[in-house]
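User: I'm new to this one and would like a close look at a single part of it. Could you walk me through the charged pairs there, in plain words?

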Amino acid sequence: MNNASCFLETFDYCKRHGLYLGTGNPESKILIIGKECAVESKEQVDTDTLKRREYELLHQNLNGWEAVIYPERFTAAQRTQAFPVLFPHPGQKNKPDRNRNGGTSDTWVKYQKICDAVYHQGVPSETINFHDRIFITEMNQIPSAWSAHQDKWMRKESVARRQVMFRECRFFQQFPVVILACGPYPREMGFDIEETFRVQWDRQIRGKARQFYNLHQASDHRIVIHTRQLSTDVSDGLIENLRREIVACL
């Protein structure tokens, strides 16, 4: 990969500091940062369970990347069992998962819609394949079905640690397009978009019913788009606006 050195630096940084790295193609030109990884259980859980989920996510993610970067450290069986970080959950259909119909999350359907709009002339893919073109990670690394189910101080600490990672790691700074699909998290968590990504606010574009985005630009022509969480109730108009901003930058 062209940015191999800064990706390896970031992997080492995440491993040293216990931070979730992400999934997808590290050579992508688009980075999407969501709120947090979802879990199937929608029950509110205690702090110990949240910590266990975080540990399991970190181990799975970093072990998966280590198997990709340093395959000689793993047996063939271990490499097969490692989480497929380059292309998670292959074969999922490009539709919301309802009653085990082979689909995926509402969020990943929206990510796929952006990928198809930018790279496939808007023609919907039959299966989820956006990881070939987009790298994704999270603002908060504590997995949960609902943000409100988390201890607010744990969440704030998680976001603060990851803000430092985004700012200090060259890998996250080199994407031409960054989409912060996390709604009010920056304001609520004290996440300074301009300082973190070295950009300046340019303008806000508003649509109907929270279909907004804020555009930030850098002197080297990178853009950061801050918008709502891309799950349910995302309009075609918002997707088209995002497509236009992305295509103009790439």
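Analyst: The side chains of Glu240 and Arg244 meet in a salt bridge, 3.5 Å from N to O (that term means a side-chain nitrogen of Lys or Arg within 4 Å of a carboxyl oxygen of Asp or Glu). Both sit in helix 9, four residues apart, or about one turn of the helix; a helix here is a DSSP run of H or I with at least four residues, numbered from the N terminus. Keep in mind that this is a predicted model, where local features need pLDDT of at least 70, side-chain atom pairs need 80 or more, and totals for chains, interfaces and linings use all residues. Residues are numbered from 1 along each chain as its sequence is written, and side-chain values use heavy atoms, leaving out hydrogens and water.

Glu240 also has a salt bridge with Arg243, with the closest N and O atoms 2.8 Å apart. That pair is three residues apart in helix 9, which spans residues 236-249. As for accessibility, Arg244 is partly exposed at 44%, and so are Glu240 at 29% and Arg243 at 23%. (Buried is under 20% relative accessible area, exposed is over 50%, and partly exposed is in between, using a 1.4 Å probe and protein chains only.)

Why do such pairs form? Side chains of opposite charge can pair when their charged atoms come close.

The whole structure has 12 salt bridges. Another one joins Lys15 and Glu66, at 2.7 Å between the closest N and O atoms. Lys15 belongs to helix 1 and Glu66 to helix 2, so this pair ties together parts 51 residues apart in sequence.

Definitions and conventions
Helices (H or I, at least four residues) and strands (E, at least two) are DSSP runs, numbered from the N terminus.
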